[in-house]
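This briefing concerns the structure shown below.

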Amino acid sequence: MTRAKRLARCGLVTLRRVVRGTASRAYMRWRRSIQVRVVTSTLFISAIVVAILGAFLMQQVSSALMDGKVKAARLQLDEGLAQVQRDLGNSSSPASEDGSQLNAVVNRLKARSGPSGLYEVYIRDTTAEYFDGYATNELRKESVPKRLREEMKHAPGGARAYTYGKLTYVGGHPSERGLIVGGKSGQFELYYLFPLEQEQKTLTNVSRSMVGVGVVLVLLLAAIASLVTRQVVIPVRLAAQGAQRLAAGRLEERMRVRGEDDLARLARSFNDMAANLQEKIGELEDLSQLQRQFVSDVSHELRTPLTTIRIAADMLYENRDTFDDPAVGRSAELLQSQLERFESLLADLLEISRHDAGAATLDAESLDMRDLVLRVVGDIQGLAERKGSKVVLQLPGEPCMAEVDRRRVERILRNLVVNAVEHGEGEDIVVSVAADRDAVAVSVRDHGVGLKPGEGQMVFDRFWRADPARARTTGGTGLGLSISREDAQLHGGWLQAWGEPGVGSQFRLSLPRVAGAELRGSPLPLVPPGAGDARPLFAELEAGD
């Protein structure tokens, strides 16, 4: 019994899931398809309209049929009352002991209905206290409703009335619904009882025919709506598919123009838009290519004169103490520092041009991220001491291995740590490393000026600085974070920033452990735990964005 209950419960659960899944798929298709919505709405509205019209028509047909039946019944009743008046009007005691005269009148009236038996007849003498009258074909006298008898009893001579009731018979004949009309002629009450079986069959056939016609009409309306909607939806779908292909980079995509209607004008407008878009994108690509080529050529061409200037500057710098004029020695020192900054700018421009041209490659090897962090922190210790900042390391005890390009990752970490020292206002810099099964991450947290609202989206832009007038001691080029972003994307990783004014900022580098793997998450939070409830400013730049 327990096993049967479990099986029944499993069956119910499976059925519920199937029904829920089917309903969910149907709802999603209804939401996504204009054609389905139009056809469904047409089916629903047309079904309501057809049902209302069908009910109205059935009521009209039934009323007309019953009215005709009542009129025919009254005519028949008038003839019967005239016959009763002729046969029984001069009799002083028609309800004789044997009742033969009443029986003969009833039989004559019944004979007029023909062999099909269109009606039954019942007659009674109101003066006979213990005589209940005669009826044809074993009809029960109770078939005449009591309320109709009472109405005829108190009605004046020549009165007419009708009602609907159930005709019952003596014996095994089934009862049936019928129309009962009654009239009074002198002391006699005459009732005609018309079975409505044929009328009921007629109404049933009419209702079935109307239901069938209504179903066919609703389906035809739905088919027409589907056909008409299809003529409109297909060009829209083609336009949507064309727009998707345009967004995917297939700028040669065009729609087929048929006719001169609104949809044809839509197709022509789409084609004109696509052509203009292709032309503008081509111009932008050419301009971008020229710009990249110009930067690359200028960067390479400057190498030769820069090398010559570097040789001369080194000689001046080495012999600066031999000059009689101190200003000349100071000029040699300034020349040396600015040449270093110029060389750094050229190196960054060349790196940017390689990324723009898609020529940047990844030389990945398995390394421990802790070693890279220690090396970078060791290189900038002097700068941190000059700024009055202390670099605090939070490193895990186990290795954090990942397949990365040593040169590029060191450049990213150096840019992040140097920026933290520059903007840290002499506060501690916290560098954290963590790893999980799929990714490794390094976060650099400072407690300096932070980022203002809106700056989180610009922090990785080329040549952007939080404060252009801010004095820098490291001679930055404004390209460091932009190159770091490109390097992170080349690894398939993320470089993200958080910041609040007066609270500080945190940059997080997340890289997959295996080169080329998809990065789904980071083992370190972007918002530092001590940041409180402040709302973060995010600048998420992921691979492929």
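Arg-411 and Asp-487 join their side chains in a salt bridge, with 3.0 Å from N to O. Because Arg-411 belongs to helix α11 and Asp-487 to helix α12 (residues 480–490), this pair ties together parts that lie 76 residues apart in sequence. The model is a predicted one, and it holds 14 salt bridges.

- Both partners of this pair, Arg-411 and Asp-487, are buried.
- The two residues also belong to a network of salt bridges that links Asp-405, Arg-408, Arg-411 and Asp-487.
- A further salt bridge pairs Arg-414 with Asp-379, whose closest N and O atoms are 3.2 Å apart.
- Arg-414 is in helix α11 (residues 406–423) and Asp-379 is in helix α9 (residues 369–379), so this pair connects parts 35 residues apart in sequence.
- Arg-414 counts as partly exposed, at 30% relative accessibility, and Asp-379 is likewise partly exposed, with a relative accessible area of 48%.

- Lys-201 and Glu-197 form a salt bridge through their side chains, at 3.6 Å from N to O.
- Both residues lie in helix α5 (residues 197–247); because they are 4 residues apart there, about one helical turn separates them.
- In an α-helix there are 3.6 residues a turn, so residues three or four places apart point the same way.
- Side chains of opposite charge can pair when their charged atoms come close.
- Lys-201 is partly exposed, with a relative accessible area of 43%, and Glu-197 is also partly exposed, at 44% relative accessibility.

**Helix α3 and its buried face**

- Helix α3 (residues 100–111) comprises 12 residues and spans 16 Å between its first and last C-alpha, close to the 16 Å expected at 1.5 Å a residue.
- Its buried residues are Leu-102, Val-105, Val-106, Leu-109 and Lys-110.
- Viewed down the axis of α3, these buried residues fall within an arc of 135°, and therefore they line one face of the helix.
- The cover over the buried residues of α3 includes α2, β1 (120–125), β2 (134–135) and β5 (188–195).

**A nonpolar surface patch**

- Phe-44, Ile-45, Ile-48, Val-49, Ile-52 and Leu-53 make a nonpolar surface patch of about 590 Å².
- One of these residues, Ile-52, is located in helix α2 (residues 34–88).
- Is Ile-52 buried or exposed? Ile-52 counts as exposed because its relative accessibility is 55%, where exposed means over 50%.

Technical notes: Residues are numbered from 1 along each chain as its sequence is written. This is a predicted model: local features need pLDDT of at least 70, side-chain atom pairs count only at pLDDT 80 or more; totals for chains, interfaces and linings use all residues. Side-chain values use heavy atoms; hydrogens and water are left out. Patches are made of residues with over 30% relative accessible area and no salt bridge: like charges are joined within 9 Å, nonpolar side chains (Val, Leu, Ile, Met, Phe, Trp, Tyr) within 5 Å. Accessible areas come from the Shrake-Rupley method with a 1.4 Å probe; for residues, only the protein chains shown count as cover. A salt bridge is a side-chain nitrogen of Lys or Arg within 4 Å of a carboxyl oxygen of Asp or Glu. Helices (H or I, at least four residues) and strands (E, at least two) are DSSP runs, numbered from the N terminus. Buried means under 20% relative accessible area, exposed over 50%, partly exposed in between (1.4 Å probe, protein chains only). The expected span of a helix is 1.5 Å times one less than its number of residues. The arc is that of the directions from the helix axis to the C-beta atoms. Contact means heavy atoms within 4.5 Å.
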